[in-house]
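Subject: Structure for you to look at

Hello,

Here is the structure I said I would pass on. My notes follow below it.

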Amino acid sequence: MIRFLKNPFILIKENIVNTGRTFEMSFKELEKRYSGAALGAVWAMVKPMLFIAVYWFAIDVGIRGGGDDVTGYPFILWLISGIIPWFFISETLVYGGTSLRQNKHLITKLVYPISTIPTFRVLSQMYVHLAMTIVTMVLFIFAGVYPTVYYFQLIYYNVALFIFMTVVSWTTSALVVVSRDFEHLLKSVTQMLFWLTPILWHLSNVKGFLKLVIMANPIYYFVKGYRDTFLTQEWFFENWHYSLYFWGLTIVIALIGAFIFNKLKNELADIL
Amino acid sequence: MEYSVSIKNLTKIYKIYEKSWHRAKHIFFRNTKYKKFYALKNITIDIPKGEAVGVLGKNGAGKSTLLKIITGVTTPTSGSIEVNGKISALLELTSGFDSELTGIENIYLKALTMGMQKKEMDSQLQDIIEFADIGDHIHQPVRTYSSGMKARLGFAISVNVDPDILIVDEALSVGDDIFKLKCIERMEQFKEQGKTILFVSHSLFTVKSFCNKCMWIKDGELVSYGDTGEIMLQYENYLKEERAKEKKQKRLEAKESNTDIQIMEKKEIVEFKNFKFRHGNGEENNKFLFGEDVFYTVEYEVKKPMKNLKWSFTLRDAETTEIFGSDKRSDKHYIKSEVGKHSLRVTLKELKLLPGKYLLSGEVRDDHGALHIGYANRVPFVVEGKDFVGTGINYIDHEYEN
């Protein structure tokens with residue numbers, strides 16, 4: 001039992017020792033990801049914006065026929081504020097999951113602290129997300145929504161995003177190495193999560209027990225958090241019970257993930 | 001004595017699962033079935049500082065696994081390993097390049113992964129680029145490199161990071177001779193500086209001339225370790241024996257396929273039956289006397305309308321060397337092609353083959369040679385002789401005038 005509880009600390013320790021390296025690798029990763037395309041890093045921005053435009057058109061114009069704002073805010077602003085964390089999460093789920101498989105040379109040919117590989121992958125995605133967040137802020141100013149003191153809690157949510165995604169990657173990255181099946185599964189699940197999370201639709205549309213099930217999805221914690229920051233103006237500690245639930249869940253995921261990761265760590269070089 | 005690598009009772013087991021995801025199942029369910037593959041079995045060896053050790057063994061013997069464990073890339077299942085000094089390894093050519101990054105970027109990546117400071121690498125950069133000598137390709141992504149270029153860059157980095165132990169696994173096999181020489185020269189320098197080198201190469205000549213010690217691994221076990229001359233002799237003998245065994249096996253297989261008479265034909269078109277050797281009186285017999293006429297008969301049934309079928313045959317000696325093949329184009333060799341049963345009798349007149357065993361095979365073709373129906377593959381017959389008339393295969397009439 002104690003060994004089980006120790007697992008995450010083994011990984012965390014390895015990460016802390018190698019912090020410098022992890023940062024450098026995250027920059028390299030970013031460079032690599034966007035160096036091949038002519039527009040380079042611009043793609044990281046363009047793609048989500050295209051998606052936002054399409055969703056806005058399909059939902060607001062197509063389905064709702066430009067009806068009243070259910071939320072009290074223009075639909076487009078409500079959509080953007082919720083979908084920004086989703087873009088990061090969905091990209092990072094896959095990107096973190098494939099982190100070990102795609103950095104096979106580090107594992108099979110070099111002596112590299114393996115547990116930092118998911119970390120630098122998630123970190124490199126963070127930069128894109130930060131840029132996206134800043135673009136969103138500027139966009140909101142143009143739309144007449146000016147920054148408030150609540151924007152400061154984005155620091156909290158970004159730290160939470162980073163920790164949560166890194167911890168999730170422990171499980172996914174190790175399993176994806178074991179079998180490609182898990183990679184396909186991960187991609188499918190990510191697709192489904194988009195529709196199961198109240199991003200395009202409002203949580204108030206579901207009631208009772210179903211609402212609790214939907215809220216149990218930790219991704220909604222961020223969707224809600226970003227909307228609270230940009231629109232609703234609510235601090236994360238005002239929702240302390242939901243925050244508590246989120247961190248509890250994160251710890252459980254970390255324990256399971258670290259257990260799986262440590263079990264497989266020594267075999268990774270042999271299977272890749 | 002100071003050891004650079006000290007290995008005790010080292011065993012490496014690869015777990016082989018029926019399905020790949022069973023490995024994940026195994027984390028939670030202890031009773032998951034798997035097979036054990038012993039890549040290395042109970043290896044104990046001490047390598048003193050300053051030795052150049054050649055690692056010998058056939059493919060799959062466990063050489064690479066051992067080197068990977070020494071490098072630290074993979075961990076032993078049981079046993080212990082102690083390494084003293086900084087290792088630089090060139091494992092299976094690529095040495096851990098990121099194929100999307102350029103050569104230069106990969107040099108820094110390597111520095112990063114080895115825990116070196118960027119400044120340290122800056123001072124080495126020029127040496128590495130010069131040694132690799134791959135021109136402007138150094139600024140291109142590694143995925144565009146040829147295997148030779150990868151080996152050059154890999155070797156250049158490995159030797160320029162100032163290691164205490166250098167591991168070179170098959171890296172020289174793809175480079176050209178000039179580069180190989182350059183590498184050997186550099187490795188000689190290392191040797192003089194008292195550094196330890198572990199070297200795998202399939203060129204026994206290189207190992208012999210470069211290494212002062214050798215270890216021989218066979219099926220995951222350390223067979224012997226000692227001075228190059230002695231171990232090399234053992235290993236070469238072993239290789240010779242293995243090759244002889246292989247040859248023998250091949251010969252056995254070839255014999256088997258020769259002895260049974262195969263009838264290859266396209267039965268739905270033409271079917272052959274009763275291929276027989278006969279004597280002049282019609283008696284069935286495949287033994288003939290030297291100088292006798294040899295007859296053979298074959299019955300065949302044409303099942304689909306055909307035009308212009310031709311029969312041809314080939315005579316071979318016991319070692320399957322062709323002695324005579326009948327003309328496949330001659331108009332004289334047409335046989336009856338209408339649908340129905342036919343029989344064919346061929347006479348080989350006054351056979352001058354010297355006593356011994358011979359093989360005859362026949363085949364049917366249509367006019368264009370498009371349809372090719374092999375028939376009896378190498379049916380044996382024997383020529384016997386009362387008197388000795390000469391040596392070889394065929395008797396040649398000769399006269400002396402004196």
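I start with one residue. A:Thr119 sits in helix H7 of chain A, which covers residues 116-142. The model is a predicted one. The relative accessible area of A:Thr119 is 7%; the cut-off for buried is under 20%, so A:Thr119 counts as buried. Leaving out residues up to four places away in sequence, A:Thr119 touches A:Asn15, A:Thr22, A:Phe162 and A:Thr166. A:Phe23 is 96 residues from A:Thr119 in sequence, yet the two C-alpha atoms are 9.1 Å apart in space.

Next, the cores. In soluble globular proteins, nonpolar side chains tend to be buried together. Here the largest nonpolar core holds 53 residues. The residues with the most contacts inside this core come from both chains: A:Leu100, A:Ile117, B:Ile7, B:Leu67, B:Ile70, B:Ile167 and B:Met215. Helix H12 of chain A (residues 240-271) contributes the most to this core, eight residues. As for B:Ile70, its contacts beyond four places in sequence are B:Val5, B:Ile7, B:Ile81, B:Val83, B:Ile87, B:Ile167 and B:Leu198. Another core, of 47 residues, lies apart from the largest one; A:Ile52, A:Tyr55, A:Ile214 and A:Ile219 are among its members.

Then the interface. How many residues of each chain are in contact with the other? On chain B there are 32, and they meet 29 residues of chain A. Together the two chains bury about 2700 Å², and 62% of that is on carbon and sulfur atoms. On the chain B side, the most area is lost to chain A by B:Ile27, B:Leu112 and B:Thr113, which together make up 24% of what that side buries.

Four salt bridges are found across the interface of chain B and chain A. A:Glu267 and B:Arg23 form a salt bridge through their side chains, with 2.6 Å from N to O.

Several elements of chain B each supply at least two residues to the side that touches chain A: strand S1 (3-16), helix H1 (22-28), helix H2 (63-71) and helix H3 (103-113). H3(B) gives the most, six residues. Sorted by class, that side of chain B has 13 nonpolar, ten polar and nine charged residues.

Regards

Notes. Residues numbered from 1 in each chain as written. Chains lettered and ligands numbered in written order. Predicted model: local features only at pLDDT ≥ 70, side-chain atom pairs only at ≥ 80, totals over all residues. Heavy atoms only, no water. Contact = heavy atoms within 4.5 Å. Buried area = accessible area lost by both parts, 1.4 Å probe. Helix = DSSP H or I, 4+ residues; strand = E, 2+ residues; numbered from the N terminus. Nonpolar A, V, L, I, M, F, W, Y, C, P; charged D, E, K, R; others polar. Core = buried A, V, L, I, M, F, W, Y, C linked by side-chain atoms within 4.5 Å. Buried < 20%, exposed > 50% of the residue type's maximum accessible area, 1.4 Å probe, protein only.
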